[in-house]
Amino acid sequence: MKIKDSIEGCFQLMGGDFTNAGTASSELKSILSKLGVSQEVVRRAAIAAFEAEMNVIIHAVAGTMHYVVSSEEVRITLTDMGPGIQDIELAMQEGYSTAPDWVREMGWGAGMGLPNIKKNADRFKIDSVMGEGTTLEIVIYTRKD
Ligand SMILES: Nc1ncnc2c1ncn2[C@@H]1O[C@H](COP(=O)(O)OP(=O)(O)OP(=O)(O)O)[C@@H](O)[C@H]1O
Ligand SMILES: [Mg+2]
């Protein structure tokens, strides 16, 4: 990859905005492709970003997706204002979801988003404060292996 220093940007996310759901992660995907990041890294970043974006739309009030791309890594940070996650360990379990029925009827709420983010990230960190919001940090190494 021929990235000097680093490239970064930010998308705004709105809770409940299913009309634009997936826009930020698909734009990030095309930015990474244009930068010449390997297809495998683009794929993993796009999956993780999409699940994290959906979580803000489904579970939070509003948030941002910030990305930094360097020759070493893609770093995606999501910060939201929302209810927060009471038990992060429980939330990380496959199949655990608090999504209401109307969200499940749209096909979301399988409880697979966070496990899927973890699976696709090289480093993954969640911080959450109840009643304030949640921050996710997703790092994917761009090194060729
Ligand atoms: N940004 C967030 N703010 C508040 N709660 C969250 C957030 N992200 C996840 N959660 C909590 O963690 C649970 C598990 O999240 P996960 O993404 O794994 O599943 P899901 O969003 O419920 O379903 P799926 O991702 O399969 O559509 C959620 O049901 C919710 O309770
Ligand atoms: Mg989810």
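Q: Which residue's side chain meets that of R44 in a salt bridge, with 3.1 Å from N to O?
A: A salt bridge is taken here as a side-chain nitrogen of Lys or Arg within 4 Å of a carboxyl oxygen of Asp or Glu. In this predicted model, the side chain of R44 has such a partner at 3.1 Å, N to O, and the partner is D122.

Q: How many residues apart are R44 and D122?
A: Helices (H or I, at least four residues) and strands (E, at least two) are DSSP runs, numbered from the N terminus. R44 sits in helix α2, whereas D122 belongs to the loop between α5 and β4. The pair therefore links distant parts of the chain, with a separation of 78 residues.

Q: How many salt bridges does a search of the whole structure find?
A: Side chains of opposite charge can pair when their charged atoms come close. The search of the whole structure gives a total of four.

Q: What pLDDT do side-chain atom pairs need to count?
A: Residues are numbered from 1 along each chain as its sequence is written, chains are lettered from A and ligands numbered from 1 in the order in which they are written, and side-chain values use heavy atoms, leaving out hydrogens and water. As this is a predicted model, local features need pLDDT of at least 70, totals for chains, interfaces and linings use all residues, and side-chain atom pairs count only at pLDDT 80 or more.

Q: What is the order of the five strands in the open sheet?
A: Two strands pair if DSSP finds at least two bridges between them. The pairing in this sheet is antiparallel, and the strand order is β1-β2-β3-β5-β4.

Q: Which strands stand at the edges, each with a single partner strand?
A: A strand with a single partner has one side left without a neighbour in the sheet.

Q: What is the average twist from one strand to the next?
A: Angles run from 0 to 180 degrees between N-to-C directions, and axes are lines fitted to C-alpha atoms, for helices over the stretch in contact. Going from one strand to the next, the twist averages 10°.

Q: How many bridges join β3 and β5?
A: These two strands pair in the antiparallel sense. V74 stands opposite I140 in β5. The bridges between β3 and β5 number nine.

Q: Which residue takes a positive phi near 80° in the hairpin of β4 and β5?
A: Seven bridges join β4 to β5 (residues 133–141). R123 stands opposite V139, and I126 has L136 as its bridge partner. Three residues lie between the strands of this hairpin, and the positive phi belongs to G131.

Q: How many residues lie between β2 and β3 in their hairpin?
A: The two strands are antiparallel and share eight bridges. T64 stands opposite T79, and M65 has L78 as its bridge partner. The number of residues between β2 and β3 is two.

Q: Which strand does α1 run at about 10° to?
A: Contact means heavy atoms within 4.5 Å. Helix α1 (residues 23–34) lies across β1, β2 (62–70) and β3 (73–81). The strand at about 10° to α1 is β2.

Q: Are α1 and α2 roughly parallel or antiparallel to each other?
A: Their axes come within 8 Å and cross at roughly 160°. Angles under 35 degrees count as roughly parallel, over 145 as roughly antiparallel, 65 to 115 as roughly perpendicular and the rest as oblique. The two helices, α1 and α2, are therefore roughly antiparallel.

Q: Is the crossing of α2 and α5 left-handed or right-handed?
A: Helices α2 and α5 (residues 113–120) pack at about 155°, with axes 9 Å apart. A crossing is left-handed if the near helix is turned anticlockwise from the far one by less than a right angle, and right-handed if clockwise. The crossing of α2 and α5 is left-handed.
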